[in-house]
Amino acid sequence: MNVLLINGSPHKNGCTFTALSEVAKSLEAAGIETEILQIGSRAFRGCVGCRGCKNGNGCVFGKDDGLNEILARCEEANGFVFGSPVYYASPNGAMLSFMDRLFYAGAKALAHKPGACVTSARRAGTTASLDVLSKYLTINQMPVVSSIYWPMVHGSNPEQVLQDQEGCAVMRELGRNMAWLLQCIAAGAAAGVAIPADEPAQRTNFIR
């Protein structure tokens, strides 16, 4: 089993990376393979709602910025952790553009797989950002992995994040909970528990 941890920060080894690394420690201790994929320094353009991805070949812009390559890796992953810094009251722009297009074009690659979100800030904006990120998971039938507190860390640099002992403990507990859920899902699949079938889509507009 493996978990893909997405680092939405432009700083490869910064505060968000430090938080994700704490999650990865617990996953690896439980025998789960991990990879931290840093996407925050890429120039991801926003989704334009063209619906070109509905042909099943990924995002129409995905060849230019590597999104389609990431989608292929999502097919193989068993779980996900999405991490974002908070610069101005919400997840950073690159992360939001990435999430919009990833979930629009690759929903099937992520559905029914456990996911979690973590945020990093000097002081505030973390809970609002967690709310934004978590909605991608809950619209896509992903079991949301929780911890003993909201999954956030505080600090202006990695050294300060490591001093946030409670925040780091929350990250490690998140990793343990994800490992446990992945093991439960694997045990259920071995026992013949199938993924539930979807109802036919009912798209309802509220203006007639």
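The count of salt bridges comes to six. A salt bridge here is a side-chain nitrogen of Lys or Arg within 4 Å of a carboxyl oxygen of Asp or Glu. The model is a predicted one: local features need pLDDT of at least 70, side-chain atom pairs count only at pLDDT 80 or more, and totals for chains, interfaces and linings use all residues. Residues are numbered from 1 along each chain as its sequence is written, and side-chain values use heavy atoms, with hydrogens and water left out.

Start with arginine 172. It forms a salt bridge with glutamate 22, and the closest N and O atoms are 2.8 Å apart. Arginine 172 sits in helix H7 (residues 165-190), while glutamate 22 sits in helix H1 (residues 15-29), so the pair ties together parts that are 150 residues apart in sequence. Helices (H or I, at least four residues) and strands (E, at least two) are DSSP runs, numbered from the N terminus. How open to the outside are the two partners? Arginine 172 is partly exposed, at 30% relative accessible area. Glutamate 22 is buried, at 5%. Buried means under 20% relative accessible area, exposed means over 50%, and partly exposed lies in between (1.4 Å probe, protein chains only).

Next comes glutamate 35. Its salt bridge partner is arginine 73, with the closest N and O atoms 2.1 Å apart. This pair also links distant parts of the chain: glutamate 35 is in strand S2 (residues 33-38) and arginine 73 is in helix H3 (residues 67-76), 38 residues apart. Glutamate 35 is partly exposed, with a relative accessible area of 33%. Arginine 73 counts as partly exposed too, at 28%.

Now look at arginine 101. It forms a salt bridge with aspartate 65, the closest N and O atoms being 2.7 Å apart. Arginine 101 belongs to helix H4 (residues 93-110) and aspartate 65 to helix H2 (residues 62-65), so to speak two distant parts of the chain, 36 residues apart. Arginine 101 is buried, at 2% relative accessible area. Aspartate 65 is buried as well, at 12%. Elsewhere, salt bridges that share partners join Glu22, Lys25 and Arg172 into one network.

Turn to the strands. In what order do the five strands of the open sheet stand? The order is S2-S1-S3-S4-S5, and the pairing is parallel. Two strands pair if DSSP finds at least two bridges between them. S2 and strand S5 (152-154) stand at the edges with a single partner strand each, so one side of each has no neighbour in the sheet. From one strand to the next, the twist averages 15 degrees.

Zoom in on one pair. Strand S3 (residues 79-85) and strand S4 (residues 115-121) run parallel and are joined by six bridges. Serine 84 stands opposite threonine 119 in S4. Helix H5 (residues 126-138) lies across S3, S4 and S5, running at about 155 degrees to S4. Axes are lines fitted to C-alpha atoms, for helices over the stretch in contact, and angles run from 0 to 180 degrees between N-to-C directions. Contact means heavy atoms within 4.5 Å.

Last, the cysteines. How many disulfides does a search of the whole structure find? A disulfide is a pair of cysteine sulfur atoms within 2.5 Å. The sulfur of cysteine 53 is 6.5 Å from the closest cysteine sulfur, in cysteine 50, which is too far for a bond. Cysteine 168 is in no disulfide either, as the nearest cysteine sulfur, that of cysteine 15, is 10 Å away. Cysteine 53 is buried, at 13% relative accessible area. Cysteine 168 is buried, at 4%.
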